[in-house]
Amino acid sequence: KTVLQGFTLVDGTGKAAITNADMLVESGKITAVGKHGSFKLPADATLVKGSGKTIIPALVLAHGHLGQIKGTKQAADNYTSENIRSQLLKYQAYGISTILSLGTDQEIIFPLRDSSRHGQLAGARIYTAGYGISIANGPPPPGSLTPKIQRVSSPEAARKAVELLVPLKPDFVKIWVDDFGGQFEKMPFAIYQAVIEEAHRNGLRVAAHVYYLEDARRLANLGVDVLAHSIRDKEVDDDLIRVMKQKGIYYIPTLTLDEYNFAYGDNPEWINDPFFKASLEPGMFDTLTSDRYKNKIKNDPDLQKKIAAFNMAKRNLVKLFRAGIPVAMGTDSGAQPVRTQGFSEHLELQLMVESGIPPIDVLRIATMNGAVMLREGKNYGSLTPGKQADFIILTGNPVQDIKQTTSIESVWRDGVKVSGGKPGKS
């Protein structure tokens, strides 16, 4: 038994924070929460006092990648149990209890996923889309970096690709419906229609990589379950909003991905922050701050297009949020070394607030909404009785300043402190 006493408590449901709150944890689960004095504290409980501190639920990352990066390289041979375990611990140290790895995984992810979900593997819990589905000349770049992606050329082949996944019980099926700015062929309608139909017939849900409004509209009309990136070419319209609302489609904006496309050309305010630097793979800080890399960004012929896409992403996020579309937090971290694991998730929250979403709602997006999207809302995602006691103790209050999600004092999973101290703090 543990009593956390006198904290400001943000429960993740979107309700106002409770000041001077107590929370009782027994056998890894939350059994009582309320104002100090609202319930009896067991005399035999361990007491953790928190005057001036804040508790929030651990974060849920609804779009990331495991095992792809190590050092300054993205490579297939990085995909080892050791590297994945290391990344899970890094995510956990940054307060992220759960990650959905979206479509670039290899065979070992499934036993690791099962061990993780049974509490037999340290670090963030694993959810996976297993082997994503694309086309021969489609994204991501074909080759050895993503050897298990299934590249199909017909609706029939698409259905067989889904059938191969069914016995593996992935948490989602991932498809790429985009051309990466004209670099690749775009998946034909008939192929992604076949994937969605076959997945749904087998009780699986589908998350789609998107960029363009019209692709998102077609996917929504087919009943795709998750749009796993922002719509960035045009402003979303009422017709799309109506369909997404009617079908309960989740939206994951991945704003950090778009900011990273141009931010390193200058010196972003966080470039020398130890919290950021501690999340980088070895050698990446020197790469990102080199004149060569900065000039590559500054001289990118598509730079202004990428900045415009980022601004459109923020506008569309707020419009969809205000319309009541369920939003979850994702960053695409781990897909490339520049998309750093751990820091990106906290930056994503800052960008959501910068876009115009109140901090209390951003915290709900990053916790309870993600858990509900993963169909785990009854188990975790909010600090309410009956849930697993997955939470972060902060020295600051992120409702007043969202940047205070980085003021990590400790991270707890199942009622046990698993990480202490802010990453990067000596």
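Helices here are DSSP runs of H or I at least four residues long, numbered from the N terminus. The model on screen is predicted.

**Stop 1: α3 and α4**

Select residues 155-165, which form helix α3, and residues 189-201, which form helix α4. The two pack at an angle of about 35°, and their axes lie 8 Å apart. Their crossing is right-handed. To see the contact, show the side chains of P155, A158, R159, V162 and E163 on α3, then A190, I191, A194, V195, E197, E198 and A199 on α4. Colour these residues by class: 8 are nonpolar, 4 are charged and no polar residue takes part.

**Stop 2: α5 and α6**

Move on to helix α5, residues 213-222, and helix α6, residues 238-247. Here the angle is about 35°, with 9 Å between the axes. In which hand does α5 pass α6? The crossing is left-handed. From α5, the contact takes in L213, A216, R217, A220, N221 and L222; α6 supplies D239, L240, V243, M244 and K247. Sorted by class, this contact has 7 nonpolar, 1 polar and 3 charged residues.

**Stop 3: a sheet of 3 strands**

Next, display β6, β9 and β10, which make an open sheet in the order β6-β9-β10 with parallel pairing. Strands β6 (59-64) and β10 (125-128) are at the edges; each has a single partner strand, so one side of each has no neighbour in the sheet. On average, neighbouring strands are turned by 20° against each other, direction ignored.

Zoom in on β6 and on β9, residues 96-101, which pair in the parallel sense over 4 bridges. Pick L59 and look for its bridge partner in β9, which is I96.

**Stop 4: the largest pocket**

Finish at the largest pocket, with a volume of about 1300 Å³. Which residues lie nearest its centre? Select F180, Q183, N261, Q336 and R339 to find that place. The whole lining counts 42 residues. Elements giving two or more residues to the lining are β8 (73-74), β13 (173-176), α7 (255-263), α9 (284-288), α10 (291-298) and α11 (303-322). Of the lining, the largest share comes from α7, with 4 residues. Coloured by class, the lining shows 16 nonpolar, 14 polar and 12 charged residues.

Note on methods: Residues are numbered from 1 along each chain as its sequence is written. This is a predicted model: local features need pLDDT of at least 70, side-chain atom pairs count only at pLDDT 80 or more; totals for chains, interfaces and linings use all residues. Side-chain values use heavy atoms; hydrogens and water are left out. Axes are lines fitted to C-alpha atoms, for helices over the stretch in contact, and angles run from 0 to 180 degrees between N-to-C directions. A crossing is left-handed if the near helix is turned anticlockwise from the far one by less than a right angle, and right-handed if clockwise. Contact means heavy atoms within 4.5 Å. Ala, Val, Leu, Ile, Met, Phe, Trp, Tyr, Cys and Pro count as nonpolar, Asp, Glu, Lys and Arg as charged, and the others, Gly among them, as polar. On a 1 Å grid over the protein atoms alone, a cavity is a set of points where a 1.4 Å probe fits but cannot get out, and a pocket is an open set with protein on both sides within 12 Å along at least five of seven lines; lining residues have an atom within 4 Å of a point. Grid points are joined across faces, edges and corners, and a volume is the space filled by probe spheres set on the points. Two strands pair if DSSP finds at least two bridges between them.
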